[in-house]
Amino acid sequence: MDCVHQIREGSQAIRGMMLESHLHAGNQPIPADRSQLKYGVSITDACIGWETTEELLRRADQELRALAATRMAAA
């Protein structure tokens, strides 16, 4: 949401955003017995889970659509 805030404040340097997302939040080490791996949990970087991803994308879309509409009306 910091990127959205920067865009709302007038930054034109931001051209895209990336979310480290997976089905479930967090990460896990690779165990010796790989059958112990949890489905949907990253084995590299810690990620946000699906619910958080969906919420962030919806909020960003809502705020940026409103901003785009305001800017287009002013043009």
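Colleague: What radius of gyration does the protein chain have, against that of a compact globule of 75 residues?
Modeller: This is a predicted model. A compact globule of 75 residues would come to near 11 Å. The C-alpha atoms here fill a box of roughly 60 × 20 × 15 Å along the principal axes. The radius of gyration of the protein chain is 17 Å.

Colleague: How many helices and strands make up the secondary structure of the protein chain?
Modeller: Helix 1 covers residues 2–8 and helix 2 covers residues 50–74. The count for the protein chain is two helices and zero strands.

Colleague: Which residue meets Glu 63 in a salt bridge?
Modeller: The search of the whole structure finds three salt bridges. In the one with Glu 63, N and O lie 3.3 Å apart. The pair links distant parts of the chain, 55 residues apart, with Glu 63 in helix 2 and its partner in helix 1. That partner is Arg 8.

Colleague: Is Arg 58 buried or exposed?
Modeller: Arg 58 forms a salt bridge with Glu 54, with the closest N and O atoms 3.0 Å apart. Both lie in helix 2, four residues apart. Exposed means over 50% relative accessible area. Because Arg 58 has 56% relative accessibility, Arg 58 counts as exposed.

Colleague: How far apart are the closest N and O atoms of Arg 65 and Asp 61?
Modeller: Arg 65 and Asp 61 are separated by about one helical turn in helix 2. Arg 65 is exposed at 59%, and Asp 61 is partly exposed at 37%. Their salt bridge has its closest N and O atoms apart by 2.7 Å.

Terms used:
Residues numbered from 1 in each chain as written. Predicted model: local features only at pLDDT ≥ 70, side-chain atom pairs only at ≥ 80, totals over all residues. Heavy atoms only, no water. Rg over C-alpha atoms; globule rule 2.2 N^0.38 Å. Salt bridge = Lys/Arg side-chain N within 4 Å of Asp/Glu carboxyl O. Buried < 20%, exposed > 50% of the residue type's maximum accessible area, 1.4 Å probe, protein only.
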